[in-house]
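User: I am new to reading structures. Can we go through some of the labels and see where they come from?

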Amino acid sequence: MGNFFRVTCPFLFRLDTVAYFPLLRGRHSYSAVAKIRDTTQLLLDVYSDSDKIYIHPLKVWNRYSPEMFTPHLCPRDGGECEPLRGGIPMSRYYQLVEEANAESQDQNLDSYDRFFALARLEYKNGNFSDATEEQIIESTMTKDERLHERIKRYFKPRDYFHLRDRMVGSGAIGGKACGMLLARRIVKTELPEYDKYMEPHDSFYIGSDVFYTYIVFNECWETRIKQRTEEGYFPEAENLKNALLSGEFPPDIREKFRSVLEYFSGSPIIVRSSSFLEDGFGNAFAGKYESVFCVSQGTPELGVPVAFADISGFCGICEVSDNRAGYMPELSYGSHMFQDLVEADIFYCAIWNDGRTEKYCEGFFDGLKNIFPEICPDMESLFPIIRVTEPTGLCYWNDVKSGRTLCGEIKK
């Protein structure tokens, strides 16, 4: 709801039009209402009883009067609205407000979370309707009717609730994630003797609505609309790419991401793309995915995707940040093949040169030849940022318990 207003209201403003949107009281989260308040020019709170209507202006853009934000009384039979004056009329008004708010739902939750909370309550009371299951599958897993029947055949209500508990935001989880969960349920049901060989599943899922929220929050929606037209498909692509790469997530989404990282407690994780068109019947997405391995060192703003063949011969990977080019990267090495990386016993460590390490001998690396220009001669703009060296006699010592790492050269 908040995204809708943030996109629609500026568009209507440029068209010089007047539009009114009613909001049902208590049906939207505080976060959504706050986004609406920030975007709209006029926000009115309306209460009514059997013979009176009360209007309370909460926001009025670009104008002011001494009694503008006072609740007003408007007779049902017409006539002029008058601001409330005196203790008795105001007391009656606030009594009406209290009665109306007492019937409101929990606005700390959005409508999506309230729907799942109600579904859980119904299930605990022995009722889980077909309509509820259809809505969960439609909004969370897939719109493909052929998959609907398979999911309903193998999924139990508690599987849906577990999925929701592992989601960040709302929306669909994508075709690859949906297919993976369905495949696991099929194996558990049809081949129970193999269940003991399956690794316990421990994934989290980012709902597709988070992507749209990210676009709206970073004011990229109009650029995206232009890029989706035939004439703007290629000219606007670079602008959209740069806008998306330089954006940030809203605070509430960032907090949910943080809770996911805290759950894994510093263990390496892999982030994998999963389009909600992907892996559907008749859709081919070969080579259209990306996986980023995050070692959970520092914060997860940056991951570097690489092929395992690029690092398979390494016994250790040490990243060193350098802000002399005006750019301080968050250190997070990447791999498409997390399992291969673990089985190859490749060790990783990160070194910051901004005081987060006890001792860093910058001169040691400066004295080595930078071979990055030889490896990637067409990336001249990155020459001041990325250094690739081949030191000899370099050794790593690592204490897993304390998290301390010593990297140095042995000299006789």
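Analyst: Phe 69 has a relative accessible area of 35%. Buried needs under 20% and exposed needs over 50%, so Phe 69 is called partly exposed. Keep in mind that this is a predicted model.

User: What makes Tyr 64 count as exposed?

Analyst: Its relative accessibility is 64%. The cut-off for exposed is over 50%, so Tyr 64 passes.

User: How many aromatic pairs are there by the ring rule?

Analyst: The count comes to 22 aromatic pairs. One of them joins Tyr 64 and Phe 69, with ring centres 6.5 Å apart and planes at 35°.

User: Why is the pair of Tyr 64 and Phe 69 called tilted?

Analyst: Look at the angle. Stacked needs under 30 degrees and edge-to-face needs over 60. The planes of Tyr 64 and Phe 69 are at 35°, so the pair is tilted.

User: What about the rings of Tyr 123 and Phe 161?

Analyst: Their centres are 5.8 Å apart, and the pairing limit is within 6.5 Å, so they pair. Their planes are at 55°, so this pair is tilted too.

User: Which parts does the pair of Tyr 123 and Phe 161 tie together?

Analyst: Tyr 123 lies in helix H4 (residues 111-124), and Phe 161 lies in helix H7 (residues 157-165). The pair therefore ties together parts that are 38 residues apart in sequence. Ring pairs also link Tyr 123 and Phe 161 into a cluster with Phe 128, Phe 155 and Tyr 160.

User: Is Phe 161 buried or exposed, and how do you know?

Analyst: Phe 161 has a relative accessible area of 6%. Buried means under 20%, so Phe 161 is buried.

User: Which residues of H1 are buried, and what do they pack against?

Analyst: Gly 2, Phe 5, Thr 8 and Cys 9 are buried in H1. The buried residues of H1 pack against helix H2 (30-39).

User: What makes Tyr 20 exposed?

Analyst: Tyr 20 sits in the loop between H1 and H2. Its relative accessible area is 70%, over the 50% cut-off, so Tyr 20 is exposed. Together with Val 18, Leu 42, Leu 44 and Val 46, Tyr 20 makes a nonpolar surface patch of about 540 Å².

Conventions:
Residues numbered from 1 in each chain as written. Predicted model: local features only at pLDDT ≥ 70, side-chain atom pairs only at ≥ 80, totals over all residues. Heavy atoms only, no water. Buried < 20%, exposed > 50% of the residue type's maximum accessible area, 1.4 Å probe, protein only. Helix = DSSP H or I, 4+ residues; strand = E, 2+ residues; numbered from the N terminus. Contact = heavy atoms within 4.5 Å. Patch = residues over 30% accessible without salt bridge, like charges linked within 9 Å, V, L, I, M, F, W, Y side chains within 5 Å. Areas by Shrake-Rupley, 256 points an atom, 1.4 Å probe, with all protein chains shown as cover. Salt bridge = Lys/Arg side-chain N within 4 Å of Asp/Glu carboxyl O. Phe/Tyr/Trp six-rings, centres within 6.5 Å; stacked < 30°, edge-to-face > 60°.
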